[in-house]
Amino acid sequence: MDNDKEASLGMSGAYSQASGPGFVEGPLRQLAPRPPLTLPPSATVREALAGMNQRQADTLVVVDDQEQLPLGIVTLNDLVYAITLDGGGLDEPVAGMMTAAPLCLPADAPAHRATVLMAKRGIRHIVLLEPGGRLYNVISRADLFGLRGGGADLLAESVTAAMDVGQMAQAASAIRQRGSELFTGGMSAEAICHWMSALNDLVVMRVIELIEDEFDLPAVPWCWMVMGSEGRLEQTFATDQDNGLVFQADDADAAVELREAFLPFARAVNKGLDACGFTLCRGGIMAGNPAWCLSLEEWQTRFSAWMRTPDPKALLNSTIFFDFRPLYGRYELVDELRNWLLPQPPEHPRFLRALAEEALTCAPPLGWTGGFVYDGGVEHPHSIDLKRFGARPFVDAARIWSLMYGVWATSTGDRLRAVAEPLNLSAEQVAGEVESFYLIQRFRFRQQLLAEDPDDTNRIDPDTLNELHRLMLKEAFKQAKKLQLRLKLQHGL
(Lines give C-alpha, C1' and ligand atoms only; values in the text may rest on other atoms or scores of the structure.)
Protein backbone atom coordinates (compact mmCIF):
# COMPACT_ATOMS: atom_id res chain seq x y z
CA MET A 1 0.00 0.00 0.00
CA ASP A 2 1.42 3.40 -0.93
CA ASN A 3 1.94 6.16 1.60
CA ASP A 4 -0.88 8.35 0.26
CA LYS A 5 -3.35 5.51 0.72
CA GLU A 6 -2.10 4.82 4.24
CA ALA A 7 -2.40 8.49 5.12
CA SER A 8 -5.99 8.48 3.87
CA LEU A 9 -6.71 5.68 6.35
CA GLY A 10 -5.27 7.50 9.31
CA MET A 11 -1.98 5.59 9.43
CA SER A 12 0.28 8.55 8.80
CA GLY A 13 -0.06 9.38 12.50
CA ALA A 14 -0.15 5.79 13.68
CA TYR A 15 2.19 6.34 16.59
CA SER A 16 0.88 9.73 17.58
CA GLN A 17 -0.43 9.95 21.11
CA ALA A 18 -2.50 13.08 20.58
CA SER A 19 -5.54 12.26 22.62
CA GLY A 20 -8.14 14.18 20.69
CA PRO A 21 -10.67 16.78 21.77
CA GLY A 22 -11.43 16.89 25.47
CA PHE A 23 -10.19 13.36 26.15
CA VAL A 24 -9.65 12.40 29.78
CA GLU A 25 -8.89 9.11 31.45
CA GLY A 26 -8.78 7.42 34.83
CA PRO A 27 -11.08 7.46 37.87
CA LEU A 28 -13.01 10.59 38.78
CA ARG A 29 -11.12 10.80 42.09
CA GLN A 30 -7.97 11.77 40.19
CA LEU A 31 -9.64 14.44 38.11
CA ALA A 32 -11.31 16.63 40.73
CA PRO A 33 -9.10 19.75 40.81
CA ARG A 34 -9.35 20.86 44.46
CA PRO A 35 -11.42 20.32 47.64
CA PRO A 36 -15.02 21.48 47.28
CA LEU A 37 -16.57 24.51 48.92
CA THR A 38 -19.17 23.32 51.43
CA LEU A 39 -21.71 25.07 53.62
CA PRO A 40 -24.43 23.90 56.03
CA PRO A 41 -28.11 24.38 55.08
CA SER A 42 -28.40 27.29 57.54
CA ALA A 43 -25.73 29.36 55.75
CA THR A 44 -26.95 32.52 54.05
CA VAL A 45 -26.65 33.55 50.42
CA ARG A 46 -24.27 36.30 51.57
CA GLU A 47 -21.96 33.69 53.11
CA ALA A 48 -22.19 31.58 49.98
CA LEU A 49 -21.19 34.46 47.71
CA ALA A 50 -18.34 35.44 50.05
CA GLY A 51 -17.04 31.87 50.06
CA MET A 52 -17.24 31.58 46.29
CA ASN A 53 -15.41 34.86 45.85
CA GLN A 54 -12.67 33.88 48.28
CA ARG A 55 -12.16 30.46 46.71
CA GLN A 56 -12.70 31.63 43.13
CA ALA A 57 -15.30 28.87 42.85
CA ASP A 58 -18.51 28.77 40.85
CA THR A 59 -20.05 25.87 42.79
CA LEU A 60 -20.67 24.85 46.39
CA VAL A 61 -22.21 21.81 48.03
CA VAL A 62 -24.74 22.09 50.85
CA VAL A 63 -23.88 19.33 53.32
CA ASP A 64 -25.26 17.89 56.51
CA ASP A 65 -23.07 19.24 59.32
CA GLN A 66 -22.67 15.98 61.23
CA GLU A 67 -22.38 13.34 58.49
CA GLN A 68 -21.01 15.46 55.64
CA LEU A 69 -23.66 14.01 53.36
CA PRO A 70 -24.41 16.16 50.28
CA LEU A 71 -27.91 17.64 50.39
CA GLY A 72 -27.75 19.78 47.27
CA ILE A 73 -25.59 21.80 44.93
CA VAL A 74 -25.58 25.56 44.28
CA THR A 75 -23.89 27.34 41.39
CA LEU A 76 -22.99 30.99 41.08
CA ASN A 77 -25.53 31.28 38.26
CA ASP A 78 -28.22 29.93 40.61
CA LEU A 79 -27.50 32.67 43.14
CA VAL A 80 -27.30 35.48 40.58
CA TYR A 81 -30.60 34.38 39.04
CA ALA A 82 -32.30 34.11 42.44
CA ILE A 83 -31.19 37.59 43.52
CA THR A 84 -31.62 39.55 40.30
CA LEU A 85 -34.69 37.90 38.80
CA ASP A 86 -36.52 36.18 41.65
CA GLY A 87 -35.99 38.90 44.23
CA GLY A 88 -34.11 36.68 46.64
CA GLY A 89 -32.34 38.26 49.61
CA LEU A 90 -28.74 37.99 50.73
CA ASP A 91 -29.78 36.85 54.19
CA GLU A 92 -31.98 33.99 53.00
CA PRO A 93 -30.72 30.42 53.61
CA VAL A 94 -28.72 29.14 50.69
CA ALA A 95 -30.51 25.78 50.99
CA GLY A 96 -33.60 27.43 49.50
CA MET A 97 -31.72 28.01 46.25
CA MET A 98 -29.92 24.70 45.89
CA THR A 99 -30.63 21.89 43.45
CA ALA A 100 -31.62 19.13 45.84
CA ALA A 101 -30.63 15.47 45.34
CA PRO A 102 -27.94 16.22 42.71
CA LEU A 103 -26.57 13.47 40.51
CA CYS A 104 -23.93 11.56 42.47
CA LEU A 105 -21.31 9.01 41.45
CA PRO A 106 -18.69 7.06 43.40
CA ALA A 107 -15.36 8.89 43.46
CA ASP A 108 -13.69 5.77 42.05
CA ALA A 109 -16.06 5.51 39.08
CA PRO A 110 -14.45 6.02 35.65
CA ALA A 111 -14.48 9.43 34.02
CA HIS A 112 -16.31 7.90 31.06
CA ARG A 113 -19.41 7.31 33.16
CA ALA A 114 -19.62 10.95 34.18
CA THR A 115 -19.04 12.08 30.60
CA VAL A 116 -21.94 10.00 29.30
CA LEU A 117 -24.33 10.98 32.09
CA MET A 118 -23.60 14.68 31.66
CA ALA A 119 -24.34 14.41 27.95
CA LYS A 120 -27.45 12.32 28.55
CA ARG A 121 -28.99 14.57 31.20
CA GLY A 122 -27.67 17.91 30.02
CA ILE A 123 -26.08 18.77 33.36
CA ARG A 124 -22.83 20.51 34.22
CA HIS A 125 -21.85 19.14 37.65
CA ILE A 126 -21.71 15.75 39.37
CA VAL A 127 -21.13 15.18 43.08
CA LEU A 128 -18.53 12.53 43.93
CA LEU A 129 -19.03 10.31 46.96
CA GLU A 130 -16.84 8.16 49.17
CA PRO A 131 -18.02 4.53 49.70
CA GLY A 132 -19.98 5.50 52.83
CA GLY A 133 -21.88 8.25 51.02
CA ARG A 134 -19.82 11.14 52.39
CA LEU A 135 -18.92 13.99 50.06
CA TYR A 136 -15.58 13.72 48.27
CA ASN A 137 -15.72 16.47 45.67
CA VAL A 138 -17.60 18.00 42.75
CA ILE A 139 -16.58 17.60 39.13
CA SER A 140 -17.72 19.84 36.30
CA ARG A 141 -18.14 19.44 32.59
CA ALA A 142 -15.06 21.62 32.09
CA ASP A 143 -12.98 19.13 34.10
CA LEU A 144 -13.68 16.13 31.93
CA PHE A 145 -16.19 16.56 29.17
CA GLY A 146 -14.69 14.39 26.44
CA LEU A 147 -17.48 14.77 23.90
CA ARG A 148 -17.09 18.43 23.04
CA GLY A 149 -14.98 17.84 19.93
CA GLY A 150 -15.36 16.06 16.66
CA GLY A 151 -18.98 17.08 16.17
CA ALA A 152 -20.03 14.99 19.16
CA ASP A 153 -22.43 17.62 20.52
CA LEU A 154 -24.64 17.48 17.43
CA LEU A 155 -24.46 13.70 17.28
CA ALA A 156 -25.43 13.42 20.95
CA GLU A 157 -28.38 15.74 20.33
CA SER A 158 -29.56 13.58 17.43
CA VAL A 159 -29.42 10.54 19.68
CA THR A 160 -31.40 12.07 22.53
CA ALA A 161 -33.95 13.51 20.07
CA ALA A 162 -34.62 10.16 18.33
CA MET A 163 -38.17 8.95 18.86
CA ASP A 164 -37.96 5.43 17.45
CA VAL A 165 -35.44 2.71 16.64
CA GLY A 166 -35.37 3.74 12.98
CA GLN A 167 -34.13 7.21 13.88
CA MET A 168 -31.69 5.65 16.33
CA ALA A 169 -30.26 3.48 13.54
CA GLN A 170 -29.60 6.60 11.47
CA ALA A 171 -27.91 8.30 14.43
CA ALA A 172 -25.74 5.24 15.10
CA SER A 173 -24.69 5.11 11.44
CA ALA A 174 -23.75 8.80 11.55
CA ILE A 175 -21.60 8.16 14.64
CA ARG A 176 -19.67 5.39 12.91
CA GLN A 177 -19.20 7.56 9.83
CA ARG A 178 -17.92 10.48 11.87
CA GLY A 179 -15.68 8.16 13.87
CA SER A 180 -14.06 6.91 10.65
CA GLU A 181 -13.47 10.52 9.58
CA LEU A 182 -11.82 11.37 12.89
CA PHE A 183 -9.68 8.24 12.62
CA THR A 184 -8.47 9.14 9.14
CA GLY A 185 -7.88 12.67 10.41
CA GLY A 186 -5.34 11.36 12.94
CA MET A 187 -7.19 11.15 16.27
CA SER A 188 -5.40 8.66 18.53
CA ALA A 189 -6.79 5.14 18.84
CA GLU A 190 -7.47 5.51 22.57
CA ALA A 191 -9.35 8.76 22.02
CA ILE A 192 -11.35 7.20 19.17
CA CYS A 193 -12.29 4.27 21.42
CA HIS A 194 -13.52 6.56 24.19
CA TRP A 195 -15.21 8.97 21.77
CA MET A 196 -17.14 6.21 20.03
CA SER A 197 -17.88 4.32 23.24
CA ALA A 198 -19.38 7.43 24.83
CA LEU A 199 -21.66 8.07 21.86
CA ASN A 200 -22.48 4.39 21.47
CA ASP A 201 -23.44 4.37 25.16
CA LEU A 202 -25.87 7.19 24.46
CA VAL A 203 -27.33 5.17 21.58
CA VAL A 204 -27.82 2.08 23.73
CA MET A 205 -29.29 4.12 26.58
CA ARG A 206 -31.77 5.79 24.23
CA VAL A 207 -32.78 2.46 22.66
CA ILE A 208 -33.42 1.03 26.14
CA GLU A 209 -35.31 4.17 27.09
CA LEU A 210 -37.59 3.94 24.03
CA ILE A 211 -38.27 0.22 24.45
CA GLU A 212 -38.72 0.46 28.22
CA ASP A 213 -41.87 2.53 27.63
CA GLU A 214 -43.41 -0.41 25.76
CA PHE A 215 -43.19 -2.79 28.71
CA ASP A 216 -44.70 -2.94 32.18
CA LEU A 217 -41.49 -3.83 33.99
CA PRO A 218 -41.36 -5.04 37.61
CA ALA A 219 -41.04 -2.31 40.23
CA VAL A 220 -37.63 -3.49 41.45
CA PRO A 221 -34.16 -2.00 40.99
CA TRP A 222 -32.46 -3.22 37.80
CA CYS A 223 -29.54 -2.25 35.60
CA TRP A 224 -28.37 -3.00 32.06
CA MET A 225 -24.71 -4.05 32.03
CA VAL A 226 -22.22 -4.18 29.18
CA MET A 227 -19.21 -6.49 28.95
CA GLY A 228 -16.44 -7.37 26.53
CA SER A 229 -15.10 -4.63 24.26
CA GLU A 230 -18.04 -2.36 25.12
CA GLY A 231 -17.37 -2.82 28.82
CA ARG A 232 -13.69 -2.02 28.21
CA LEU A 233 -14.51 1.10 26.14
CA GLU A 234 -12.74 -0.53 23.21
CA GLN A 235 -15.47 -0.81 20.62
CA THR A 236 -14.24 -0.58 17.07
CA PHE A 237 -16.01 0.00 13.76
CA ALA A 238 -17.18 -3.62 13.65
CA THR A 239 -18.72 -4.68 16.95
CA ASP A 240 -21.34 -7.00 18.37
CA GLN A 241 -23.32 -7.05 21.60
CA ASP A 242 -22.09 -8.34 24.94
CA ASN A 243 -24.57 -7.38 27.64
CA GLY A 244 -26.52 -8.62 30.63
CA LEU A 245 -29.14 -7.52 33.12
CA VAL A 246 -29.00 -7.49 36.90
CA PHE A 247 -32.01 -7.01 39.17
CA GLN A 248 -32.80 -7.06 42.86
CA ALA A 249 -34.70 -10.13 44.12
CA ASP A 250 -35.66 -11.13 47.65
CA ASP A 251 -35.10 -14.85 47.11
CA ALA A 252 -34.60 -17.56 44.46
CA ASP A 253 -38.31 -17.93 43.70
CA ALA A 254 -38.69 -14.19 43.21
CA ALA A 255 -35.66 -14.21 40.89
CA VAL A 256 -37.32 -16.79 38.62
CA GLU A 257 -40.48 -14.71 38.33
CA LEU A 258 -38.62 -11.46 37.78
CA ARG A 259 -36.42 -13.03 35.11
CA GLU A 260 -39.48 -14.12 33.15
CA ALA A 261 -40.83 -10.57 33.40
CA PHE A 262 -37.59 -8.95 32.22
CA LEU A 263 -36.71 -11.32 29.36
CA PRO A 264 -39.23 -10.06 26.74
CA PHE A 265 -38.01 -6.51 27.36
CA ALA A 266 -34.34 -7.54 27.18
CA ARG A 267 -34.89 -9.44 23.92
CA ALA A 268 -36.62 -6.42 22.42
CA VAL A 269 -33.64 -4.26 23.37
CA ASN A 270 -31.22 -6.78 21.84
CA LYS A 271 -33.27 -6.71 18.64
CA GLY A 272 -33.35 -2.90 18.64
CA LEU A 273 -29.58 -2.70 19.11
CA ASP A 274 -29.11 -5.14 16.25
CA ALA A 275 -31.13 -2.77 14.04
CA CYS A 276 -28.75 0.02 15.07
CA GLY A 277 -25.67 -1.90 13.89
CA PHE A 278 -24.69 -3.68 17.11
CA THR A 279 -24.98 -7.22 15.82
CA LEU A 280 -26.34 -10.04 17.94
CA CYS A 281 -23.68 -11.94 19.88
CA ARG A 282 -22.98 -15.30 18.24
CA GLY A 283 -22.26 -16.77 21.66
CA GLY A 284 -25.56 -15.55 23.09
CA ILE A 285 -23.99 -13.26 25.70
CA MET A 286 -26.95 -10.93 25.82
CA ALA A 287 -29.48 -9.82 28.40
CA GLY A 288 -32.23 -11.57 26.43
CA ASN A 289 -30.59 -14.91 27.26
CA PRO A 290 -31.93 -16.29 30.59
CA ALA A 291 -28.35 -17.24 31.52
CA TRP A 292 -27.37 -13.56 31.64
CA CYS A 293 -30.54 -12.01 33.04
CA LEU A 294 -29.88 -12.61 36.73
CA SER A 295 -30.48 -11.27 40.19
CA LEU A 296 -27.57 -9.67 42.04
CA GLU A 297 -27.18 -12.79 44.17
CA GLU A 298 -27.23 -15.02 41.08
CA TRP A 299 -24.50 -12.95 39.45
CA GLN A 300 -22.41 -13.29 42.60
CA THR A 301 -22.98 -17.04 42.56
CA ARG A 302 -21.93 -17.21 38.91
CA PHE A 303 -18.70 -15.30 39.50
CA SER A 304 -17.97 -17.39 42.60
CA ALA A 305 -18.36 -20.60 40.57
CA TRP A 306 -15.90 -19.37 37.94
CA MET A 307 -13.35 -18.52 40.62
CA ARG A 308 -13.79 -21.68 42.73
CA THR A 309 -13.66 -24.19 39.89
CA PRO A 310 -11.56 -22.68 37.11
CA ASP A 311 -12.43 -25.07 34.28
CA PRO A 312 -10.39 -24.03 31.19
CA LYS A 313 -13.35 -24.06 28.79
CA ALA A 314 -15.57 -22.16 31.22
CA LEU A 315 -12.82 -19.60 31.82
CA LEU A 316 -12.38 -19.02 28.10
CA ASN A 317 -16.06 -18.17 27.80
CA SER A 318 -16.29 -16.17 31.02
CA THR A 319 -13.37 -13.76 30.86
CA ILE A 320 -15.31 -10.97 29.15
CA PHE A 321 -17.80 -10.94 32.05
CA PHE A 322 -15.05 -9.56 34.28
CA ASP A 323 -15.07 -6.41 32.11
CA PHE A 324 -18.61 -5.47 33.14
CA ARG A 325 -19.80 -1.93 33.81
CA PRO A 326 -23.27 -0.39 34.29
CA LEU A 327 -24.99 1.47 31.48
CA TYR A 328 -28.69 2.07 32.17
CA GLY A 329 -30.78 1.83 35.31
CA ARG A 330 -29.71 1.58 38.92
CA TYR A 331 -25.94 1.86 38.72
CA GLU A 332 -25.56 1.07 42.40
CA LEU A 333 -26.50 -2.58 41.72
CA VAL A 334 -23.53 -3.02 39.41
CA ASP A 335 -21.26 -1.02 41.69
CA GLU A 336 -22.28 -3.31 44.53
CA LEU A 337 -21.42 -6.31 42.37
CA ARG A 338 -18.01 -4.87 41.53
CA ASN A 339 -17.29 -3.91 45.15
CA TRP A 340 -18.17 -7.46 46.15
CA LEU A 341 -15.95 -8.90 43.39
CA LEU A 342 -12.82 -6.76 43.84
CA PRO A 343 -11.44 -8.53 46.95
CA GLN A 344 -12.34 -12.03 45.74
CA PRO A 345 -9.75 -13.03 43.06
CA PRO A 346 -6.64 -12.82 45.28
CA GLU A 347 -8.30 -15.45 47.49
CA HIS A 348 -8.42 -17.84 44.51
CA PRO A 349 -4.83 -18.23 43.24
CA ARG A 350 -5.81 -21.30 41.17
CA PHE A 351 -8.27 -19.12 39.31
CA LEU A 352 -5.66 -16.45 38.55
CA ARG A 353 -3.16 -19.09 37.49
CA ALA A 354 -5.75 -20.64 35.17
CA LEU A 355 -6.44 -17.23 33.66
CA ALA A 356 -2.73 -16.77 33.04
CA GLU A 357 -2.45 -20.23 31.45
CA GLU A 358 -5.33 -19.43 29.12
CA ALA A 359 -3.87 -16.02 28.26
CA LEU A 360 -0.57 -17.61 27.28
CA THR A 361 -2.26 -19.78 24.64
CA CYS A 362 -2.39 -16.70 22.38
CA ALA A 363 1.26 -15.92 21.83
CA PRO A 364 2.11 -12.72 19.92
CA PRO A 365 2.83 -13.55 16.25
CA LEU A 366 6.61 -13.21 16.22
CA GLY A 367 8.98 -16.10 15.54
CA TRP A 368 12.27 -16.67 17.32
CA THR A 369 14.11 -14.93 14.46
CA GLY A 370 11.89 -11.86 14.81
CA GLY A 371 9.76 -12.46 11.73
CA PHE A 372 5.97 -12.50 11.60
CA VAL A 373 4.10 -15.74 12.27
CA TYR A 374 0.95 -16.17 10.18
CA ASP A 375 -2.15 -17.95 11.47
CA GLY A 376 -4.66 -17.65 8.63
CA GLY A 377 -4.03 -21.03 7.02
CA VAL A 378 -5.36 -21.77 3.54
CA GLU A 379 -8.42 -19.55 3.89
CA HIS A 380 -6.48 -16.46 4.93
CA PRO A 381 -2.89 -16.97 3.75
CA HIS A 382 -0.09 -14.67 4.88
CA SER A 383 -2.27 -12.92 7.45
CA ILE A 384 -2.41 -12.26 11.20
CA ASP A 385 -5.52 -12.05 13.40
CA LEU A 386 -4.84 -8.76 15.17
CA LYS A 387 -7.72 -9.21 17.58
CA ARG A 388 -6.67 -12.63 18.88
CA PHE A 389 -2.89 -12.47 18.63
CA GLY A 390 -2.32 -8.72 18.73
CA ALA A 391 -4.80 -7.04 21.09
CA ARG A 392 -5.79 -10.02 23.22
CA PRO A 393 -2.40 -10.52 24.96
CA PHE A 394 -2.66 -6.95 26.30
CA VAL A 395 -6.36 -7.29 27.19
CA ASP A 396 -5.87 -10.59 29.02
CA ALA A 397 -2.79 -9.49 30.95
CA ALA A 398 -4.39 -6.20 32.01
CA ARG A 399 -7.55 -8.02 33.13
CA ILE A 400 -5.58 -10.53 35.21
CA TRP A 401 -3.55 -7.82 36.94
CA SER A 402 -6.65 -5.71 37.58
CA LEU A 403 -8.23 -8.72 39.31
CA MET A 404 -5.05 -9.42 41.26
CA TYR A 405 -4.72 -5.86 42.56
CA GLY A 406 -8.37 -4.82 42.96
CA VAL A 407 -8.51 -2.26 40.15
CA TRP A 408 -11.94 -0.75 39.45
CA ALA A 409 -11.14 0.31 35.85
CA THR A 410 -12.26 -1.82 32.91
CA SER A 411 -10.39 -0.35 29.92
CA THR A 412 -7.09 -2.01 29.04
CA GLY A 413 -5.15 1.26 29.01
CA ASP A 414 -6.47 2.37 32.38
CA ARG A 415 -5.85 -1.08 33.85
CA LEU A 416 -2.23 -1.12 32.71
CA ARG A 417 -1.67 2.34 34.18
CA ALA A 418 -3.36 1.40 37.46
CA VAL A 419 -1.22 -1.71 38.06
CA ALA A 420 2.09 0.01 37.33
CA GLU A 421 2.83 0.63 41.02
CA PRO A 422 2.13 -2.88 42.37
CA LEU A 423 4.08 -4.35 39.44
CA ASN A 424 6.95 -1.92 40.14
CA LEU A 425 6.96 -0.60 36.57
CA SER A 426 8.36 2.74 35.49
CA ALA A 427 6.27 5.35 33.73
CA GLU A 428 8.23 4.67 30.54
CA GLN A 429 7.49 0.94 30.68
CA VAL A 430 3.77 1.50 31.16
CA ALA A 431 3.66 4.13 28.42
CA GLY A 432 5.31 1.66 26.04
CA GLU A 433 2.74 -1.03 26.85
CA VAL A 434 -0.25 1.29 26.48
CA GLU A 435 1.05 2.84 23.27
CA SER A 436 1.73 -0.60 21.80
CA PHE A 437 -1.78 -1.80 22.60
CA TYR A 438 -3.42 1.21 20.98
CA LEU A 439 -1.08 1.02 18.01
CA ILE A 440 -2.41 -2.49 17.35
CA GLN A 441 -5.92 -1.16 17.79
CA ARG A 442 -5.16 1.49 15.18
CA PHE A 443 -4.09 -1.17 12.69
CA ARG A 444 -7.33 -3.00 13.47
CA PHE A 445 -9.35 0.15 12.74
CA ARG A 446 -7.52 0.56 9.45
CA GLN A 447 -8.31 -3.00 8.44
CA GLN A 448 -11.97 -2.71 9.41
CA LEU A 449 -12.37 0.27 7.12
CA LEU A 450 -10.63 -1.59 4.31
CA ALA A 451 -12.13 -5.07 4.62
CA GLU A 452 -14.95 -6.12 2.29
CA ASP A 453 -15.31 -9.59 3.83
CA PRO A 454 -16.56 -9.63 7.48
CA ASP A 455 -14.10 -12.45 8.20
CA ASP A 456 -11.23 -10.13 7.29
CA THR A 457 -12.10 -7.24 9.61
CA ASN A 458 -9.35 -8.12 12.08
CA ARG A 459 -6.87 -9.74 9.71
CA ILE A 460 -3.87 -7.96 8.30
CA ASP A 461 -1.25 -8.91 5.75
CA PRO A 462 1.97 -7.21 6.87
CA ASP A 463 3.03 -6.89 3.23
CA THR A 464 0.31 -4.23 2.80
CA LEU A 465 2.21 -2.02 5.28
CA ASN A 466 5.22 0.09 4.53
CA GLU A 467 8.56 -0.77 6.11
CA LEU A 468 8.17 1.67 9.00
CA HIS A 469 4.72 0.37 9.97
CA ARG A 470 5.89 -3.25 9.80
CA LEU A 471 8.69 -2.33 12.20
CA MET A 472 6.24 -0.56 14.52
CA LEU A 473 3.92 -3.56 14.52
CA LYS A 474 6.80 -5.86 15.41
CA GLU A 475 7.79 -3.60 18.28
CA ALA A 476 4.21 -3.69 19.58
CA PHE A 477 4.24 -7.50 19.46
CA LYS A 478 7.53 -7.46 21.39
CA GLN A 479 5.80 -5.48 24.14
CA ALA A 480 3.06 -8.13 24.21
CA LYS A 481 5.73 -10.79 24.62
CA LYS A 482 7.14 -8.91 27.61
CA LEU A 483 3.69 -8.82 29.22
CA GLN A 484 3.30 -12.55 28.75
CA LEU A 485 6.77 -13.23 30.14
CA ARG A 486 5.80 -11.27 33.25
CA LEU A 487 2.68 -13.42 33.60
CA LYS A 488 4.77 -16.60 33.27
CA LEU A 489 7.18 -15.55 35.97
CA GLN A 490 4.42 -14.41 38.34
CA HIS A 491 2.54 -17.68 38.14
CA GLY A 492 5.45 -20.07 37.69
CA LEU A 493 4.33 -21.21 34.23
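Asp414 and Arg417 sit 3 residues apart in helix H16, residues 412-418, which means that about one helical turn separates them. Helices here are DSSP runs of H or I with at least four residues, strands are runs of E with at least two, and both are numbered from the N terminus. The side chains of Asp414 and Arg417 form a salt bridge, at 3.1 Å from N to O. By salt bridge I mean a side-chain nitrogen of Lys or Arg within 4 Å of a carboxyl oxygen of Asp or Glu. Asp414 is buried, at 11% relative accessible area, and Arg417 is partly exposed, at 28%. For those words, buried is under 20% relative accessible area, exposed is over 50%, and partly exposed is in between, with a 1.4 Å probe and protein chains only.

A word on the source. This is a predicted model, where local features need pLDDT of at least 70 and side-chain atom pairs count only at pLDDT 80 or more, while totals for chains, interfaces and linings use all residues. Residues are numbered from 1 along each chain as its sequence is written, and side-chain values use heavy atoms, with hydrogens and water left out.

Back to the charged pairs. Side chains of opposite charge can pair when their charged atoms come close. How many salt bridges are found in the whole structure? The search gives 23. Glu130 is partly exposed at 26%, and Arg29 is partly exposed at 25%.

Asp91 and Arg46 form another salt bridge, their closest N and O atoms being 3.4 Å apart. This pair also links distant parts of the chain, 45 residues apart: Asp91 is in the loop between helix H3 (76-84) and strand E4 (99-100), and Arg46 is in helix H2. Asp91 is exposed, at 57%, and Arg46 is partly exposed, at 44%.

Next, the backbone. Most residues other than glycine have a negative phi. Gln56 has a positive phi, near 55°, and is placed in the loop between helix H2 (45-55) and strand E2 (59-63). Leu233 also has a positive phi, near 60°, and belongs to the loop between helix H9 (228-231) and strand E9 (243-247). Which of these is buried or exposed? Gln56 is exposed, with a relative accessible area of 63%, whereas Leu233 is buried, at 4%.

On a 1 Å grid over the protein atoms alone, a cavity is a set of points where a 1.4 Å probe fits but cannot get out, and a pocket is an open set with protein on both sides within 12 Å along at least five of seven lines; lining residues have an atom within 4 Å of a point. Grid points are joined across faces, edges and corners, and a volume is the space filled by probe spheres set on the points.

The largest pocket has a volume of about 1,500 Å³. It is lined by 44 residues, and Asp240, Asp242, Lys387, Arg444 and Asn458 are the closest to its centre. Helix H15 gives the largest share of that lining, 8 residues. The lining divides into 16 nonpolar, 13 polar and 15 charged residues. Here Ala, Val, Leu, Ile, Met, Phe, Trp, Tyr, Cys and Pro count as nonpolar, Asp, Glu, Lys and Arg as charged, and the others, Gly among them, as polar.

The second largest pocket has about 400 Å³. Its lining has 20 residues, with Cys104, Leu105, Pro106, Glu332 and Asp335 nearest the centre. H13 supplies the largest share, 4 residues.

There are 4 cavities of 30 Å³ or more. The second largest cavity holds about 120 Å³ of space. Among the 14 residues lining it, Pro110, His112, Arg113, Arg325 and Pro326 are the closest to its centre. Helix H4 (111-121), strand E11 (325-329) and helix H13 (331-341) each supply at least two residues of this cavity lining. H13 gives the largest share of this lining as well, 4 residues. The cavity lining divides into 7 nonpolar, 2 polar and 5 charged residues.
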